[in-house]
Amino acid sequence: MGRLTSLGKGSSLRLLGLVVVVALAHGRSLSNGFVGDDLPGIVDHPVVNGSASIRDLLAYNHLGRPIVSSHPVLRPLPTLVFAAIYRAGGGQPWHFHLLSLVLYLLVVVLAYRLFARFFSAGIAWCGAALFAALAIHVDVVAPAFHLSELSALVFVLLMLEAAIARRPVWAMLAYGAALLSKESAILAPLIVAAWGITDRALWRWRSLLPLIAVGLVFIIWRVAVLPFDVNGTTVAADNPLTLADGGTRLWMVFSLLGRYLALTVAPIDLAYDYTYSAIFPQFQLRDLFGWLGLAFSAVLLLSIAWAWRRSLSGRPGVSAVGRSTPAARLFQLASAGVLSFGFSYGLASNALFLITVIFAERLFFAPSLWVIFLGLLLVDATIAYRRALARWWIVLAVGLTLTNIGLASMRTTEWQTPHALFSAQVAAQPDSVKGRLYLARSFSARGKHLEAGWQLGLALVGRRSWPARWKAPRVDALPLAQRLARLPALIAPKDPDQAIRGLVEQARRLLGPSTALALAHYYDARRRARGEPRRPGSP
């Protein structure tokens, strides 16, 4: 096996190919502005924009809100990097996006080096190229704020390299940096232990003990200042699992996995937000995503069992660990890959403890790396069995990569402006409460106050309906006048006048006086056109 730290013969050409794939799939993000979480996490963050001192770093969470009264999430390393870029470049968006692209390319290169350790250069490159092109990764690369996802995975992969290379000090430093990037890296030493199946030296205390020590120090510090489980501090609409029982939470581990896998294979209708009733936790036999996740998990476990049986020697019970036969190698790699996937997905699944959201495409960034690895293992095993299958795998890899490049590039343009992002959100998820609200704010800022009122009205109806499932009326294609005429009945069917008064008041509070005044004038004009008298209390 070659060294992880070498790209091997022809590395320059392969590296150039990966740069091209990243540029084609995600390069358009350089023209994006600040959207979504970029605004609170970068533009309005007191430490980043300089309105607060660097000494106040621990006083604000990652979104720039006071840590004592908001989500208990603290990611000091990305915040410091944002502050440095903001001060050096004057807060230009492209500076932040360029850093995200560079870090994403670094992740792709590190993934290739990991793959090349166990597979041929061609198979490894195809896997890295597909990983680079995945459209589900747009949620990580297109916004500037999600630097934490990129830097955490970079440092975890560097930690794994250092551990395999017997460099415990570098492994400790990389692990510490990963933890300061994002707390979900806490399970990274378990990934090192998993790869001990392929290299038993990683099970020695001098390999694992330094990492365990760093993790314990981080946990003690983290628990001292912030809770790990955010139950009671997270809004239930953001993570409805706060309302679920243990059985439902267990089922949702598989249901969420099925959703992630479906979006990875068929990245259609990707969305910025999955709160409120977009995904509501409940056990249902008709939940196809749950069965997909369960089937995927069962296939992984059965594959390990099958590889184990094939790896056994003539003497029953002889371990495959440390042996070099093809069957033993298959077992080792399958076990290491499955365990690495499980450890990286564990936190995103809300299985160990609750996180701030129930679902986000960016949370599958690290797990998708191990999904690709397991796919390469399947490709390698089938080609070894029948070499003629190689051409079909090549066709599939090229097709998936080109498809994802196109979809990722189109998806990236949706992050160029807030209006484009929220319009895409509502198009993908018409029932999105936050999507409707954010789109209403965007229309209001553009001076389209009546359209803003329509979007706000639907957001109010959806919020009032939660936690019950809500379906927005599919009438967005109708003329605005027809939609606004239906809106009072949607808000309060028994008292349309009260609905109008409530809508105007909420518009004044959430969107500003201009939108509120435009809505009041519009409904007053409709009333006069129908010859209805002005009622007391009417807007």
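Helices (DSSP runs of H or I, at least four residues) and strands (DSSP runs of E, at least two) are numbered from the N terminus, and that numbering places proline 467 in the loop between α19 (449–465) and α20 (480–491). The structure is a predicted model, in which local features need pLDDT of at least 70 and side-chain atom pairs count only at pLDDT 80 or more, while totals for chains, interfaces and linings use all residues. Residues are numbered from 1 along each chain as its sequence is written, and side-chain values use heavy atoms, with hydrogens and water left out.

**Backbone stops**

Select tryptophan 466 and proline 467 to begin, and look at the peptide bond that runs from one to the other, which is cis, with omega near 15 degrees.

Is asparagine 350 buried or exposed? Its relative accessibility is 1%, so asparagine 350 counts as buried, where buried means under 20% relative accessible area, exposed over 50% and partly exposed in between (1.4 Å probe, protein chains only).

Select Leu13, Leu15, Leu16, Val19, Val20 and Leu24, which make a nonpolar surface patch of about 520 Å². Such patches are made of residues with over 30% relative accessible area and no salt bridge, with like charges joined within 9 Å and nonpolar side chains (Val, Leu, Ile, Met, Phe, Trp, Tyr) within 5 Å; the accessible areas come from the Shrake-Rupley method with a 1.4 Å probe, and for residues only the protein chains shown count as cover. Within this group, leucine 15 lies in helix α1 (residues 11–26) and is partly exposed, with a relative accessible area of 34%.

**Glutamine 425**

Move to helix α17 (residues 418–428), where glutamine 425 lies, and note that this residue counts as buried at 1% relative accessibility. The side chain of glutamine 425 reaches the backbone nitrogen of aspartate 273 at 3.0 Å. If neighbours within four places in sequence are left aside, glutamine 425 is in contact (heavy atoms within 4.5 Å) with Ala271, Tyr272, Asp273, Ser432 and Gly435.

**Aromatic pairs**

Rings of Phe, Tyr and Trp (its six-membered ring) pair if their centres lie within 6.5 Å, and planes under 30 degrees apart count as stacked, over 60 as edge-to-face and the rest as tilted. How many aromatic pairs are there by this rule? The count comes to 30. One of them joins phenylalanine 82 and phenylalanine 145, which are stacked, 6.3 Å centre to centre with 25 degrees between the planes. This pair links distant parts of the chain, since phenylalanine 82 is in helix α4 (residues 76–89) and phenylalanine 145 is in the loop between α7 (138–141) and α8 (147–164), 63 residues apart; both residues are buried.

Select tryptophan 251 and phenylalanine 283 for another pair, whose ring centres are 4.8 Å apart and whose planes stand at 85 degrees, so the pair is edge-to-face. Tryptophan 251 is in helix α12 (residues 246–265), and phenylalanine 283 is in the loop between α12 and α13 (288–311). Tryptophan 251 is buried, with a relative accessible area of 7%, whereas phenylalanine 283 is partly exposed, with 47%.

**Salt bridges**

A salt bridge is a side-chain nitrogen of Lys or Arg within 4 Å of a carboxyl oxygen of Asp or Glu, and by this rule the count comes to 17. Select aspartate 238 and lysine 434, whose closest N and O atoms are 2.6 Å apart; aspartate 238 is in the loop between α11 (205–225) and α12, while lysine 434 is in helix α18 (residues 433–445), 196 residues apart. Glutamate 451 and arginine 483 also meet in a salt bridge (3.0 Å, N to O), which joins helix α19 to helix α20. Glutamate 451 counts as buried at 14% relative accessibility, and arginine 483 counts as buried at 6%.

To finish, select Asp139, Glu149, Lys182 and Arg362, which are linked in a network of salt bridges.

Technical notes. A polar contact is a pair of N or O atoms within 3.5 Å; within protein, one must be able to donate a hydrogen and the other to accept it, and residues adjacent in sequence count only if both atoms are side-chain atoms.
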